[in-house]
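Welcome! Here is a short briefing to read with the structure open beside you. Take a moment to turn the model around before you start on the points below.

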Amino acid sequence: MKRTVVIGLAMVFALAACSEGTSPSNNGKNKMAEKARVHASADAVGSATNGFYSVFVNQLAGAGVGQYTVRTGPSHPVTLSIGTPQDVLFGFGAPGTSYNTIHSFTTNTDYVNDDGSHARGAATFLLNPTHAGVTATVVALGATGFRTTYVLSGPPNTPDALTIVEDVDTHGSTFETSTVEVTTKVMNNGGSNVSIGIRYLWDMQIGDDDGPTFQQLSPDAAVVFTEKSYTSPSFGFFRIQDNDGNIPSPLFSVFGTVTQPSTITPVPVAPDLLENVSWPDAVSSPFAYTVTPTLTVSDPASGVNDNAILYFWGSSTANAIVLTPGGSRTVSQSLVSAQADAPPPFNQQPTATITSPANNASFVSGATVSFAGTGVDPEDGTLTGASLVWTDGATQIGTGTSFSLSTLAVGTHVITLTATDSKGAKGTATVTIVITGAPVDQHPTATITSPANSASFVQGASVGFAGSGHDAEDGTLTGASLVWTDGATQIGTGTSFSLTTLAVGSHVITLTAKDSKGQTGTASVTITVTAPAQNQAPTAQITSPSSGAVILPGASISFAGTGTDPEDGTLSGASLVWTDNVSGQIGTGTSFPLATLSGGPHIITLTATDSKGAHGTATMSFTVAFSQSIGSAGGSLCVESCHLSLFFPQGALSSTTTFFVWTTPAPTPLPGLIGGTAYVVSPVVTFAVTGELGINYDPATLPSGVSQSTLRLYRYVAGSWQLIPNGGVNTTSHIVFAPVSSTGIFAIVGTP
């Protein structure tokens with residue numbers, strides 16, 4: 001069997017051996033040998049006790065620091081009965097098989113205070129103070145427990161910046177009041193939110209039974225021998241009790257808190273998931289664990305005879321604990337133990353319930369008020385008589401489950417039922433009631449729900465009037481009991497009606513409610529009726545193409561725009577007309593494409609027209625042309641694969657100039673027959689150094705009778721075509737060329 005040697009008062013070490021036999025896990029490991037691993041040296045484990053429980057915490061400055069286990073103390077009834085302290089958690093006073101995990105959903109990291117002797121995933125981060133960025137300190141909490149504080153510095157040394165504080169402490173001065181708490185506080189030291197989950201793994205053992213049974217209590221359920229999950233458990237606590245390996249059996253019980261009792265300190269923080277699991281499987285999964293409901297964990301003859309309890313707070317991303325920068329979260333659960341089959345050794349408080357009168361009930365002075373309630377105690381059962389005390393404020397007014405009074409004074413009364421059990425624990429319930437004086441006729445109330453106060457309407461529009469009247473004695477008022485007036489003039493009756501005849505101006509509308517005894521109540525609103533507004537012009541907006549754009553000749557241009565009218569709303573179709581200063585109307589509606597615009601500058605106007613003929617316009621401009629920039633260093637202006645080329649020598653231009661080139665019908669009259677098309681090179685610039693202009697031609701397109709040798713370049717100047725001197729033609733490459741000293745309109749001209 002597993003043995004422990006105790007040295008001194010505060011330090012222990014564990015020697016582990018196994019005579020219980022072995023239970024192979026799903027992966028074939030010798031689990032009992034695994035659990036018998038020595039986890040701490042004799043000078044590394046601190047012990048503390050309140051006499052009824054002893055806690056043992058690893059103080060080694062390395063992996064596993066802060067791991068803990070629990071045994072019964074020298075004054076515990078189980079110790080006195082058996083003769084030696086017994087494990088509440090496995091370990092014989094040597095921590096190593098129970099540990100806590102802080103899982104970061106933000107960085108997918110499992111922070112564990114384990115010594116690393118068990119299999120772990122790639123995301124496991126041991127809380128080892130020898131790791132860069134990790135500090136761990138263990139301090140005594142008086143003589144009864146220990147506090148371990150882990151500080152993680154954050155990236156790059158640790159994935160998250162956290163402080164983790166773990167208290168393992170004993171409480172109470174008597175067996176009935178003694179508990180062992182395990183409390184964990186996690187603080188976010190980083191600059192952004194961190195989503196975390198917290199898990200406790202408690203390795204259970206009763207004597208020589210390493211696989212005791214599990215049973216939920218308060219309310220009670222059947223004993224469990226297999227793995228089982230409890231999502232958002234609402235039961236109060238659970239019992240762990242041996243069923244084999246001990247003589248006698250059961251030997252004793254261990255109780256773990258879940259949602260109760262609220263009378264211990266600290267109060268248990270309910271987990272969102274609780275699981276009874278196989279320790280050999282769960283110990284190697286630092287956080288998430290999948291339960292196998294058919295896997296036996298409490299029977300040496302089959303399955304696994306080795307169980308553990310898992311508590312989860314923030315078990316998944318869906319219910320993760322979100323810590324804001326500087327934020328923290330604290331969770332706590334406790335352990336106790338008692339003789340076999342004994343009830344939990346802590347007194348639980350009773351529950352008080354008031355069934356009558358109802359909260360916020362009202363009674364007329366002198367009426368009989370009936371009081372009824374119950375008290376139920378987990379240990380004592382149903383409470384009656386003097387165990388149930390009723391008070392009005394600080395004054396006792398009755399005892400027991402029911403009684404009545406007709407002497408309560410006018411005013412507000414806070415009624416409390418206090419249930420007290422045989423050990424003095426108390427539970428309370430409270431209601432508030434009102435005692436009113438003799439009834440008097442009250443004024444009714446009037447409410448106008450339409451029109452709203454300060455509402456405005458155009459003359460001739462229908463104005464809907466709606467309201468209600470209520471009287472404390474008569475109830476809902478209708479018909480002639482509700483009178484509507486506009487100033488001193490009655491305009492209607494009842495709960496609703498409408499008018500279209502209100503004059504221009506301000507109107508004070510009053511609803512007067514009158515009850516059966518002539519009492520009245522009023523409500524008023526002020527509304528304004530305005531003259532019809534004049535028609536407002538619509539607004540036009542061009543969204544495409546962009547103003548100032550340069551578009552290649554023959555390219556499809558997408559035109560898009562909107563028209564909005566204050567009265568008509570969005571305009572479309574024929575209400576939107578597009579015009580071009582060159583081509584006239586080019587389209588209608590909100591959008592259309594066009595690829596036929598001639599070369600040169602274009603001014604586009606979108607005109608929006610509303611249903612009453614008012615207009616709004618938007619204008620933009622662009623240029624259909626080839627464009628190229630030439631600097632002072634010179635270069636060639638090349639258009640349409642150099643169908644037109646204009647060479648600028650160095651120094652011809654004083655600064656970089658962007659030129660635009662497009663074709664156009666040649667101005668008339670012509671000095672001869674034109675061959676090809678006239679070209680516009682814009683802007684007009686005079687060169688400091690003469691350049692060279694060349695324009696290709698297609699012999700097949702020359703007018704009939706025109707000889708290629710007669711082709712020359714002409715420039716359109718001051719309303720007439722002028723021959724450019726010193727020009728010529730290359731009939732082989734089909735280029736007509738000439739020296740030029742400025743830009744302008746050019747054409748190829750030939751004669752028969």
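The protein has three helices and 60 strands. Its radius of gyration is 48 Å, well over the 27 Å that the globule rule gives for 752 residues, so the protein is more spread out than a compact globule. Keep in mind that this is a predicted model.

**Overall dimensions and domains**
- Along the principal axes, the C-alpha atoms of the protein fill a box of roughly 135 × 90 × 45 Å.
- The protein is divided into domain 1 (40–346), domain 2 (351–436), domain 3 (445–528), domain 4 (539–624) and domain 5 (626–750).
- Between the C-alpha centres of domain 1 and domain 4 there are 76 Å.

**Surface and contacts**
- Of the 752 residues, 46% count as buried.
- The accessible surface comes to about 32,000 Å², and carbon and sulfur atoms account for 54% of that surface.
- Take the contacts between residues at least 6 apart in sequence: 62% of them join residues at least 24 apart.

**A five-strand sheet to look for**
- Five strands form an open sheet in the order S23-S30-S29-S26-S27, and their pairing is mixed.
- Strand S23 (362–364) and strand S27 (395–399) stand at the edges with a single partner strand each, so one side of each has no neighbour in the sheet.
- On average, neighbouring strands of this sheet are turned by 30° against each other, direction ignored.
- Strand S26 (residues 388–392) pairs with S27 in the antiparallel sense, over four bridges.
- Thr391 has Gln396 in S27 as its bridge partner.

Key. Residues numbered from 1 in each chain as written. Predicted model: local features only at pLDDT ≥ 70, side-chain atom pairs only at ≥ 80, totals over all residues. Heavy atoms only, no water. Domains from an automatic or database assignment. Pairing = 2+ DSSP bridges. Helix = DSSP H or I, 4+ residues; strand = E, 2+ residues; numbered from the N terminus. Axes fitted to C-alpha atoms, helices over the stretch in contact; angles between N-to-C directions. Rg over C-alpha atoms; globule rule 2.2 N^0.38 Å. Buried < 20%, exposed > 50% of the residue type's maximum accessible area, 1.4 Å probe, protein only. Contact = heavy atoms within 4.5 Å. Areas by Shrake-Rupley, 256 points an atom, 1.4 Å probe, with all protein chains shown as cover.
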